[in-house]
Amino acid sequence: MESQANPSNAKRALVTGGAGFIGSHLVEALLAEGWQVHVIDNESTGRAENLREVRDNSHFTYHQGSVGDETLLRNVIEQVNEVYHLAAAVGVGLIAEAPLETIETNIFPTGLLLSLLREHTAAGRKIPLFLASTSEVYGKNPLERWTEDEDLLFGPTTRFRWAYGMSKAIDEFIALASCRQYGVPVVVGRFFNVVGPRQVGHYGMVLPRFVEAALASRPLTVHDNGQQVRCFAHVRDVARGVLRLMRTEAAVGQVFNIGSDQPVTILELARRVIAKIDPSLEIRFQSYKEAYSEDFEDVRRRIPNIERLRQTIDFDLDYDLDRILDDVIAWTQEKRAEG
Ligand SMILES: NC(=O)c1ccc[n+]([C@@H]2O[C@H](COP(=O)([O-])OP(=O)(O)OC[C@H]3O[C@@H](n4cnc5c(N)ncnc54)[C@H](O)[C@@H]3O)[C@@H](O)[C@H]2O)c1
């Protein structure tokens, strides 16, 4: 997708949430493609440390602050010709702790961002936007595999865990309506269980939690009976897919599942981590009630149909689960050695 933003054709991108796990990999991929990159991040769950490899790069500019800060956002958008919006309150653990902040963080800045992009579009300066959405928008849809046009099926508003998926679904509406009504070029990507170096386990992300426990010789805690089904994709494959979508005209105004379509149960994942690190380690089972709260509901199966992605950008994964595990284990060992 060619941006008409900058007459000098300089490639300048903004990555919101760029100090986060996926954002930091996207920043590196953009710099490697010759882009100048601005990051806005308030370091609520991300860390400037994630950007240590790039912080001295003359093409990189870091703005520590909130994407909800209109003055900051307006100023940075003036300087770029593409936006990747990843800043969000992420993960079901965080939602349980702070539902209101999650809803506010995920909806209001997206509204602000799209209103600024609308202004630029009206002034003849189209700035393409990639919106990071999530498999959580499917809610508890019971289908085997989820296709982008499927119905979304959420639980009641008294159960806050659904607020994450719903807030991201509202973001999708805002982005798609801005595209349809005002011509803002948007691409929506629904990520499915992205994993890799720099992901941390604090907010309930399962793979880093397992690897950190196993390397510390602690038992692995599996929720419920471990028969939940997930598909894990390496963050570098995901970042590559996102960049390719943003270079593809046919992607504009569309929603894409982004991730792996190779399922594995959480129990099997735990076994594979143990087999690689220490086969003598135990697996312990913990009820959802103990792990979260009385009214927690999990999604048992989460498998994407990625045909649309494959057809639009000829997408293939470089990392299978075995390579992913090796990479995550090696990175976690390195981090532990650094202290
Ligand atoms: N990791 C996954 O498997 C996954 C799955 C589905 C969707 N996603 C989406 O991908 C995006 C990135 O997620 P991630 O896994 O890298 O999580 P992350 O927590 O590492 O990244 C989110 C980043 O946003 C920043 N942030 C939060 N609120 C902000 C604000 N108001 N202003 C500026 N920065 C703010 C955080 O500090 C953090 O750096 C999110 O939008 C998330 O919803 C991730």
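A residue counts here as buried if 20 or more other C-beta atoms lie within 10 Å of its own, as exposed if 12 or fewer do, and as partly exposed in between, with C-beta atoms placed from the backbone. The model is predicted: local features need pLDDT of at least 70, side-chain atom pairs count only at pLDDT 80 or more, and totals for chains, interfaces and linings use all residues. Residues are numbered from 1 along each chain as its sequence is written.

Select helix H2, residues 70-78; helices (H or I, at least four residues) and strands (E, at least two) are DSSP runs numbered from the N terminus. Its buried residues are Leu73, Val76 and Ile77. They lie on the same side of H2 because they cover an arc of only 100 degrees around the axis, taken from the directions from the helix axis to the C-beta atoms. Turn to the face away from this buried side to find the exposed Thr71, Arg74 and Glu78.

Next, show what covers the buried residues of H2, including strand S1 (12-16), strand S3 (60-64) and helix H4 (99-122).

Go on to the ligand. Around the ligand are 29 residues, each with its C-beta atom, placed from the backbone, within 6 Å. Gly17, Gly20, Thr45, Gly46 and Ala88 come nearest. Among the elements giving two or more residues to this shell are helix H1 (21-32) and strand S5 (129-134); H1 gives the most, three residues.

Last, colour domain 1 (12-194 + 233-259 + 305-317) and domain 2 (206-228 + 263-303 + 323-338), whose bounds come from an automatic or database domain assignment. Their C-alpha centres lie 26 Å apart.

Conventions
Two residues are in contact if their C-beta atoms, placed from the backbone, lie within 7 Å.
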